[in-house]
Every structure is written in structure tokens, then in C-alpha cells.
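Look at the sequence and the model below, then follow the paragraphs with both in view.

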Amino acid sequence: MKKALYPGSFDPITNGHVDIVKRACRQFDQLILGVIHNPAKTPLFSVEERITLIREVFKDQPNITVEGFQGLLVDFAKQQEVFTIVRGLRAVSDFDYEFQMALTNRELCPEVDTVFFMTDIQYAYLSSSVVRQVAQYKGDVRAFLPAPVEAALRKKFGYE
Ligand code: ADP
């Protein structure tokens with residue numbers, strides 16, 4: 001059984017994240033989405049809301065599970081007995097940060113490796129923060145998000 005862990009803020013999950021999940025599911029039997037709870041940041045959606053939304057998006061896929069976590073990613077990975085971390089790459093701009101995190105995590109836990117999936121070109125510019133900004137001004141974000149997430153975002157900002 002090949003397992004992998006895809007950690008992220010997912011605030012909220014976008015079609016870009018979903019694309020990475022699909023690619024990872026072709027390579028791994030089981031994928032855990034780890035939703036980061038960072039007490040230093042104020043997210044738009046609480047960790048519980050993000051978990052509920054992601055579960056809704058993947059409700060027909062029993063090979064995908066969703067958990068929240070706090071603290072070090074490698075500690076959560078060890079606790080889940082998963083030694084492969086999945087991350088997504090959009091453009092060169094993601095590389096520096098991802099490189100630093102992957103090598104730091106390897107230093108902290110040598111058994112853990114990070115694998116990267118390149119997003120579909122249509123999502124290469126997409127990020128949760130851009131989606132949040134557009135939605136804040138009541139812009140149309142349907143093209144960027146799974147339907148339940150889009151509905152939740154409209155509700156959050158109070159528009160139909
Ligand atoms: P984090 O705060 O951990 O970066 P994000 O939810 O922003 O959390 O991103 C989680 C992972 O998903 C990162 O590896 C990021 O590069 C990747 N990702 C985000 N948006 C996209 C996208 N549009 N296409 C592919 N990968 C993406």
C-alpha cells in the first residue's frame with residue numbers, strides 16, 4: 001500500500017490543488033490531505049471548515065482522507081506513518097520555498113522524502129490568496145473552485 005501526505009493551508013482548496021490530488025492518486029494508493037492549523041495566521045476558513053469542504057469535494061473517493069494538524073509536518077507524517085510528502089509546483093517562483101522546506105524536512109527526518117507534481121498549465125497562476133481577493137470584491141470565482149467551495153466562499157462574503 002503506497003501512502004502519501006499532501007499538506008497545505010487549503011484556504012480554500014482550489015482546482016489547482018484538486019489537479020495535484022488527481023495526479024498523486026495515480027501514483028499512490030492512499031492520499032492524506034493534511035490541513036495546516038497555524039495559530040500565528042488568521043485564515044479565512046477555520047481548519048474545521050477547510051476539512052469539511054475538502055471532505056465534501058472528495059466524498060466519493062475512499063482513498064482520500066483529510067486530517068488537520070498543528071506543529072511540525074514531519075511529526076504529523078511520522079504519526080500517520082507516511083514517509084512521502086506531496087507538494088505542487090506552479091512556476092519557478094514556488095521552487096525556492098519548496099526546495100527549502102523539502103530539505104529542512106529531510107534534515108529533521110531523513111526517512112521523509114518530498115515529491116512534486118507539476119500543475120496543469122491552466123492552474124499555473126491560481127492560488128488560494130488570489131481567489132480570496134477576487135471573492136472579497138464579489139468577483140466570479142466559479143472557474144477556480146470546486147462547486148461546494150465556491151458556494152461556501154460566496155456565503156462567507158455574503159453574496160449570491
Ligand atoms: P501552503 O501554505 O502550505 O503553501 P497552499 O494551500 O497554498 O499551502 O499550497 C499547498 C501546496 O499546493 C503547495 O505545494 C502549493 O505549491 C500547491 N499549490 C497551490 N496552488 C496550486 C495550483 N494552482 N496548482 C498546483 N499546485 C498548487
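E150 is buried, because its relative accessible area is 9% and buried means under 20%. In this predicted model, E150 sits in helix α6, residues 147-156. The side chain of E150 makes a polar contact of 2.9 Å with the side chain of R154.

Next come the charged pairs. Side chains of opposite charge can pair when their charged atoms come close. The structure holds ten salt bridges. One of them joins R132 to D11, with 3.7 Å between the closest N and O atoms. These two residues are 121 residues apart: R132 belongs to helix α5 (residues 128-136), and D11 to the loop between β1 (3-8) and α1 (15-27). D11 counts as buried at 6% relative accessibility, whereas R132 counts as partly exposed at 26%.

A salt bridge also forms between R23 and D120, whose closest N and O atoms are 3.8 Å apart. This pair again links distant parts of the chain, with R23 in helix α1 and D120 in the loop between β5 and α5, 97 residues apart. R23 and D120 are linked with D19 in a network of salt bridges.

Now turn to the strands. β4 (residues 84-89) and β5 (residues 113-118) run parallel and are joined by six bridges. Between them the chain passes through helix α4 (residues 92-108), making a right-handed β-α-β crossover. Helix α4 contains F99, which is partly exposed, with a relative accessible area of 45%. Together with V92, F95 and L103, F99 forms a nonpolar surface patch with about 420 Å² of accessible area.

Terms used:
Residues numbered from 1 in each chain as written. Predicted model: local features only at pLDDT ≥ 70, side-chain atom pairs only at ≥ 80, totals over all residues. Heavy atoms only, no water. Pairing = 2+ DSSP bridges. Helix = DSSP H or I, 4+ residues; strand = E, 2+ residues; numbered from the N terminus. Right-handed = clockwise from strand over helix to strand, strands pointing away. Patch = residues over 30% accessible without salt bridge, like charges linked within 9 Å, V, L, I, M, F, W, Y side chains within 5 Å. Areas by Shrake-Rupley, 256 points an atom, 1.4 Å probe, with all protein chains shown as cover. Salt bridge = Lys/Arg side-chain N within 4 Å of Asp/Glu carboxyl O. Buried < 20%, exposed > 50% of the residue type's maximum accessible area, 1.4 Å probe, protein only. Polar contact = N/O pair within 3.5 Å; in protein donor to acceptor, adjacent residues only side chain to side chain.
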